[in-house]
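This report goes through one protein chain part by part. Please look at the sequence and the structure first, then read on.

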Amino acid sequence: MGPRDKVLAGLARQLGRPSGPAGYALARLLNRVNRGPVTAAVEALAVRHGETALDIGFGGGLGLDLLLRATAGGTVHGADISATALARARRAFPANVAAGRLRLHEAGMAALPLADGQVQAALTVNTVYFVPDPEEAFAEVARVLTAGGRFVVGVGDPGTMAAEPFTGHGFRLRPVDELAAALAAAGLEPRRHDRIGDRDRAFHLLVAER
């Protein structure tokens, strides 16, 4: 592996699991780059005051902030496999953590440490590239959702993502229709397919309901 590929592979690893000082810096960048898609995902969830919400793979923590505001008195769970992301969230939201409004878990989408039917609204943005079996992971989300609970999956356009040099290092780029089929097979009925941004490079939001 040449120097360029080593740099790209390192970036891909950090995107999949931010760690150390580089992970902290990347988290800040992700909050800026992903502001549009994450904000749109929270809006698509139509979260109501007092609900329990979940952000899976929250990275820089922007989604946690938006959900804490949207639930207004409810509870927000954040699940991430990155110890760096979890530490950053604890530092960013100390009052909400202390009050029990924000509960953080070191966990991935396929193994959520939550009770059945505990969550009314869940989202995950730019994480499915690192999920080996989407149907299995989505079934776990379905388990923790209440009947009628909403789930939003945000994903970059596969063609656009394939043109990025770092995605050749461990990213799983699946057709959006394949993800929609995995949601349905997991018991999450796709309700909408929104596109955010420029037509040719638009970000995809799949809105599903249990």
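Which residue in S5 does Leu 123 stand opposite? Leu 123 stands opposite Val 152. The model is a predicted one, and every value below is computed from it.

## Strand S5 and its partners

Strand S5 covers residues 145-155. One of its partners is strand S4, residues 119-125. S4 and S5 run in the parallel sense, and six bridges join them. To get from S4 to S5 the chain passes through helix H7, and this β-α-β crossover is right-handed.

S5 also pairs with strand S7, residues 203-209. Here the sense is antiparallel, again over six bridges. In this pairing Val 155 stands opposite His 204 in S7. S5 is mostly covered, with nine of its 11 residues buried. In a regular strand, side chains alternate between the two faces of the sheet.

## Aromatic pairs

The structure contains four aromatic pairs. In one of them, the ring centres of Tyr 129 and Phe 130 are 6.0 Å apart and the ring planes meet at 85°, so this pair is edge-to-face. The cut-off behind that label is an angle over 60 degrees between the planes. Tyr 129 counts as buried because its relative accessibility is 3%. Phe 130 has a relative accessible area of 25%, so Phe 130 is partly exposed. The limit used for buried is under 20%.

Another pair is formed by Phe 138 and Phe 151, with ring centres 5.9 Å apart and planes at 70°, so this pair is edge-to-face as well. The pair links distant parts of the chain: Phe 138 belongs to helix H7 (residues 134-144) and Phe 151 to strand S5, 13 residues apart. Both Phe 138 and Phe 151 are buried.

Ring pairs also join Tyr 129, Phe 130 and Phe 171 into a cluster.

## The cavity

How many cavities of 30 Å³ or more does the structure hold? There is one cavity of that size. The largest cavity contains about 50 Å³ of space. Its lining is made up of Val 128, Tyr 129, Val 155, Gly 156, Pro 158, Arg 172, Leu 173, Arg 174 and Leu 179. These lining residues divide into six nonpolar, one polar and two charged.

Two names in this lining have come up before. Tyr 129 lines the cavity and is part of the aromatic cluster. Val 155 lines the cavity and stands opposite His 204 in S7.

## The largest pocket

The largest pocket holds about 1,000 Å³ of space. Its lining consists of 47 residues, and those nearest its centre are Asn 34, Val 125, Asn 126, Thr 127 and Tyr 129.

Helix H2, residues 20-33, gives the largest share of the pocket lining, with five residues. By type, the lining divides into 28 nonpolar, 12 polar and seven charged residues.

## Residues in loops

Two alanines in loops have a positive phi. Ala 46 lies in the loop between helix H3 (35-45) and strand S1 (52-56). Its phi is near 50°, a positive value in a residue other than glycine. Ala 46 has a relative accessible area of 44%, so Ala 46 is partly exposed. Ala 72 lies in the loop between helix H4 (62-71) and strand S2 (75-80). The phi of Ala 72 is near 40°, also positive in a residue other than glycine. Ala 72 counts as partly exposed, at 38% relative accessibility.

Is Phe 93 buried or exposed? With a relative accessible area of 12%, Phe 93 is buried. Phe 93 lies in the loop between helix H5 (83-92) and helix H6 (94-99). Phe 93 and Arg 201 are 108 residues apart along the chain, and their C-alpha atoms are separated by 33 Å. Met 109 lies in the loop between strand S3 (102-106) and S4. Met 109 is buried, with a relative accessible area of 6%. Met 109 and Arg 210 are 101 residues apart in sequence and 16 Å apart in space, C-alpha to C-alpha.

How values were computed. Residues are numbered from 1 along each chain as its sequence is written. This is a predicted model: local features need pLDDT of at least 70, side-chain atom pairs count only at pLDDT 80 or more; totals for chains, interfaces and linings use all residues. Side-chain values use heavy atoms; hydrogens and water are left out. Rings of Phe, Tyr and Trp (its six-membered ring) pair if their centres lie within 6.5 Å; planes under 30 degrees apart count as stacked, over 60 as edge-to-face and the rest as tilted. Buried means under 20% relative accessible area, exposed over 50%, partly exposed in between (1.4 Å probe, protein chains only). Helices (H or I, at least four residues) and strands (E, at least two) are DSSP runs, numbered from the N terminus. On a 1 Å grid over the protein atoms alone, a cavity is a set of points where a 1.4 Å probe fits but cannot get out, and a pocket is an open set with protein on both sides within 12 Å along at least five of seven lines; lining residues have an atom within 4 Å of a point. Grid points are joined across faces, edges and corners, and a volume is the space filled by probe spheres set on the points. Ala, Val, Leu, Ile, Met, Phe, Trp, Tyr, Cys and Pro count as nonpolar, Asp, Glu, Lys and Arg as charged, and the others, Gly among them, as polar. Two strands pair if DSSP finds at least two bridges between them. A crossover is right-handed if, with the strands pointing away from the viewer, the path from the first strand over the helix to the second runs clockwise.
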